[in-house]
Amino acid sequence: MIEVKGVSKKLGGFYLRNCTFTIPAGYICGLVGPNGAGKTTLLHLLLGLYQADEGTIAIDGMVYSSQEKQIHDEIGTVLGEDLFEPFLTLEQNGDYYGKYYSCYNREQMEEYLKVFGLEKKRKFGMLSKGEKVKCLFAFALSHAPKLLILDEATGSFDPDFRSRFFEILKEYIADGTKSVILATHLTEDLDRIADYLIYLEEGNQIFAEDMETFRSRYRIVAGESYKIKLLPKERIVHMEENNYGAKALVIHNRQGNYDSALQVASPSIEEFMYFFSKRRK
Amino acid sequence: MFRKYIRDYMDTYRLYYMKQLWGDKEKRELLFFLMFLSILLMLDLKGKGIIVLAIFVPMFLSFFSGLLRPIRPGKMMYLCPMDRKERRSYIYGDYYFRISLHMLFAVLGIGVIVLFFRCDMLSVLEILLNDFMITIYIMPEQKAINQWKISKEEQMKIFPQEMAIILNSIQAVFVVKEQGAVFSSNGDGHHLIGKGIILLVFFLIELPLYLKYRKYVKKELEDAVFFEGGAK
């Protein structure tokens with residue numbers, strides 16, 4: 001579905017280096033990383049807003065240089081900014097931008113707005129941040145995209161809607177032909193829903209594989225520090241010690257070889273990010 | 001087709017730019033200057049309000065359209081399914097439509113003056129030329145709302161518009177004064193020659209500015225085809 005090979009992009013002082021990954025259809029991909037890691041740059045590259053200095057991006061087998069229109073027709077976008085015209089109503093915004101999409105369905109947009117509790121006659125500029133995201137999400141869904149790209153979409157949702165939002169995403173990918181890329185800081189949601197994870201840090205791609213690989217490759221090990229230190233150094237990503245013991249992110253191998261006194265568990269995405277970011281400091 | 005352009009024209013007025021505009025020191029000074037000039041003219045030219053409106057309404061429409069309707073579309077437009085040719089045609093089409101619409105208002109305004117008041121063709125030409133200069137106006141650096149900054153270099157790019165506004169204001173005074181026969185051109189050959197010389201001087205100042213500005217406009221329009229300005 002999405003094939004990114006050796007993509008690099010320099011933007012002022014920031015440099016996104018050598019991103020390579022393949023997200024199959026039917027996957028929800030979590031894109032995580034600290035602020036300034038390059039998440040938005042990568043999304044802009046996937047959306048064709050930026051052109052890569054090096055490397056190639058193919059979406060559903062198509063490339064931007066020759067099939068920009070067809071690619072955009074297949075992408076639904078929700079970015080963490082106001083994409084719609086503030087002085088137009090939600091309905092007018094839908095009509096205004098919907099006319100460019102081959103599969104835009106006005107009734108479906110209205111239905112989603114209704115389900116999300118939004119009045120179609122309201123002006124976009126008068127909505128709260130969460131409502132704006134809901135409106136953009138309704139529009140993104142109503143032109144039947146094959147790929148949804150969502151940047152910081154969940155941050156402004158209330159807990160009720162957030163769970164509804166993830167249900168909709170699950171329904172959306174259920175037929176196995178569509179994919180979602182979700183950039184967020186709320187990693188707990190990704191732990192539950194993501195099938196694929198991309199972790200960026202200071203423009204570097206640290207991890208980009210499916211969640212099964214993620215869960216089988218890393219372990220959080222807690223216990224006495226000297227027992228953790230008995231593990232081969234190259235397997236310890238980072239270890240944090242305190243008065244009561246230590247906790248470390250380690251690269252797991254099939255043999256295990258952990259001291260029986262150590263507590264071993266799969267890491268959450270948040271723990272993974274935490275230890276990786278500490279390692280660099 | 002025409003209705004579509006009218007709707008797009010109206011829909012893409014970004015009135016919230018006024019807020020940013022007000023926050024920009026240089027632009028605020030220009031706005032204050034324009035307000036001051038308008039009030040002064042309104043007071044000085046009382047009784048000739050129609051002439052003032054016929055000259056100033058199209059001029060301000062062009063000026064504020066240039067400020068509040070950036071030629072660079074919003075981000076969403078770059079995400080909509082369009083190939084480069086279509087996006088280019090959308091951007092150029094919108095720009096040319098804007099110029100045509102504003103010039104139509106300018107011609108209508110001048111038409112009112114020519115039909116109902118005394119006004120020589122030299123003034124008409126000068127006013128229309130200035131209106132054209134104002135309407136081709138492109139605000140620099142409007143890639144994003146939060147990038148509203150005008151450097152000294154960019155100030156020079158909008159200098160032709162500021163000059164055209166001042167010149168049109170002077171012409172408005174001339175036209176109104178003519179009604180009182182202060183500068184009557186009625187059979188006064190010397191006056192016409194004098195006015196012709198002034199117009200020629202204005203024209204010779206504006207022509208190189210226009211030629212320089214034309215290149216800048218073309219570059220801005222081409223850059224606007226891509227979200228990442230200048231990318232090919």
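**Side-chain contacts**

Modeller: In this predicted model, A:K9 forms a salt bridge with B:E228, and their closest N and O atoms are 2.4 Å apart. The pair joins two chains, because A:K9 lies in strand β1 (residues 2-11) of chain A and B:E228 lies in the segment after α10 (189-224) of chain B. A:K9 has a relative accessible area of 4%, so A:K9 is buried. B:E228 counts as buried too, at 17% relative accessibility, because the cut-off for buried is under 20%. Over all chains, a search of the whole structure finds 27 salt bridges.

Another of the salt bridges is found within chain A. A:R162 pairs with A:D189, with 3.2 Å between the closest N and O atoms. This pair links distant parts of the chain: A:R162 is in helix α6 (residues 159-173) of chain A and A:D189 is in helix α7 (residues 187-193) of chain A, 27 residues apart. The two partners can be set side by side: A:R162 counts as partly exposed at 22% relative accessibility, whereas A:D189 counts as buried at 3%.

A salt bridge also forms between A:K229 and A:E241, where the closest N and O atoms are 3.6 Å apart. It too links distant parts of the chain, with A:K229 in helix α9 (residues 225-229) of chain A and A:E241 in strand β11 (residues 236-242) of chain A, 12 residues apart. A:E241 has a relative accessibility of 48% and counts as partly exposed. Elsewhere in chain A, salt bridges that share partners join A:E91, A:D95, A:R106, A:E110, A:K120 and A:K121 into one network.

Next come the aromatic rings. The search of the whole structure finds 29 aromatic pairs over all chains. One of them is formed by A:Y27 and A:Y196, whose rings are 6.3 Å apart centre to centre, with 55° between the planes, and this pair is tilted. The residues come from distant parts of the chain: A:Y27 is in the loop between β2 (14-23) and β3 (28-32) of chain A, and A:Y196 is in strand β8 (residues 196-201) of chain A, 169 residues apart. A:Y27 counts as partly exposed, with 25% relative accessibility, whereas A:Y196 counts as buried, with 6%.

A further ring pair is A:F207 with A:F272: the ring centres are 5.8 Å apart and the planes stand at 75°, so the pair is edge-to-face. Here again distant parts of the chain are linked, with A:F207 in strand β9 (residues 204-210) of chain A and A:F272 in helix α10 (residues 269-280) of chain A, 65 residues apart. Both A:F207 and A:F272 are buried.

Ring pairs also build a cluster, made up of A:F84, A:Y96, A:Y97, A:Y101, A:Y104, A:F124 and A:F139. A:F124, a member of that cluster, has a charged neighbour as well: A:K132 lies over the face of A:F124, at 5.8 Å from the ring centre. In another contact of this kind, the charged end of A:K134 sits over the ring of A:F161, 4.6 Å from its centre.

Notes
Residues numbered from 1 in each chain as written. Chains lettered and ligands numbered in written order. Predicted model: local features only at pLDDT ≥ 70, side-chain atom pairs only at ≥ 80, totals over all residues. Heavy atoms only, no water. Salt bridge = Lys/Arg side-chain N within 4 Å of Asp/Glu carboxyl O. Helix = DSSP H or I, 4+ residues; strand = E, 2+ residues; numbered from the N terminus. Buried < 20%, exposed > 50% of the residue type's maximum accessible area, 1.4 Å probe, protein only. Phe/Tyr/Trp six-rings, centres within 6.5 Å; stacked < 30°, edge-to-face > 60°. Lys NZ or Arg CZ within 6 Å of the ring centre and 35° of its normal.
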